[in-house]
Amino acid sequence: MKIPSQMLGAGVQCLSIAYQQLAARLNRQLEPLDLNMTQISLLTHLIRADREETVLSLSQAMQMNQPMVTKAVQAMEARGWIDKKKSVADARVSFLKVTKAGQAHLQSAQQ
């Protein structure tokens, strides 16, 4: 069954509006915890990752632009939620790891 393009366009528009409203509400609720949805997504991915991640690999895996990931990582590192470890092979590369404080903060936000 082929969906008419007009109907498909209207569906995409409705989903876009619903997504924007949901994201805005979630971010407002997370504000007192000093978190946003981007940070929650990145922390969750890093905790579940089965390999070391860099900003580049994280941005590719999460399909986010690299400056957005860099900004979020810097904010979380400043709060002590993420540790960065320089690569021995290439000093320009840093590997990211969620700290115990980051895990605890994510857990409290999820509750």
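## A nonpolar patch on the surface

In this predicted model, four residues, Ile3, Met7, Leu8 and Val12, come together as a nonpolar patch on the surface. Ile3 sits in the segment before helix H1, which covers residues 5-30. With a relative accessible area of 44%, Ile3 is partly exposed, and the cut-off for joining such a patch is over 30%.

## Salt bridges

Let's turn to the charged side chains.

Lys85 pairs with Glu52, with 3.2 Å between the closest N and O atoms. This pair ties together distant parts of the chain, 33 residues apart: Lys85 belongs to strand E1 (residues 82-86), while Glu52 lies in the loop between helix H2 (37-48) and helix H3 (55-62). Glu52 is partly exposed, at 44% relative accessibility. Glu53 also takes part in a salt bridge, with Arg51 as its partner and an N to O distance of 3.7 Å. Glu53 counts as buried because its relative accessible area is 3%, and the limit for that label is under 20%.

The side chains of Arg92 and Asp90 form another salt bridge, at 2.9 Å from N to O. Arg92 is exposed, with 73% relative accessibility, whereas Asp90 is partly exposed at 23%.

## The nonpolar core

Now for the inside of the model. Nonpolar side chains tend to be buried together in soluble globular proteins. Here, the largest nonpolar core contains 19 residues. Leu35, Leu42, Leu43, Leu58, Val69, Met76 and Leu96 have the most contacts inside this core. Two or more residues come from each of H2, H3, helix H4 (66-78), strand E2 (94-98) and helix H5 (100-110).

Leaving aside residues up to four places away in sequence, Met76 touches Gln39, Leu42, Leu43, Trp81 and Ile82. Two of these partners, Leu42 and Leu43, are also listed with Met76 among the core residues with the most contacts.

## His105 and its neighbours

His105 is found in helix H5, one of the elements that contribute to the core. A polar atom of the His105 side chain lies 2.7 Å from the backbone oxygen of Leu33.

Beyond residues up to four places away in sequence, His105 touches Leu33, Leu35 and Trp81. Among these, Trp81 is also touched by Met76, and Leu35 is one of the core residues with the most contacts.

Definitions and conventions
Residues numbered from 1 in each chain as written. Predicted model: local features only at pLDDT ≥ 70, side-chain atom pairs only at ≥ 80, totals over all residues. Heavy atoms only, no water. Patch = residues over 30% accessible without salt bridge, like charges linked within 9 Å, V, L, I, M, F, W, Y side chains within 5 Å. Areas by Shrake-Rupley, 256 points an atom, 1.4 Å probe, with all protein chains shown as cover. Helix = DSSP H or I, 4+ residues; strand = E, 2+ residues; numbered from the N terminus. Buried < 20%, exposed > 50% of the residue type's maximum accessible area, 1.4 Å probe, protein only. Core = buried A, V, L, I, M, F, W, Y, C linked by side-chain atoms within 4.5 Å. Contact = heavy atoms within 4.5 Å. Polar contact = N/O pair within 3.5 Å; in protein donor to acceptor, adjacent residues only side chain to side chain.
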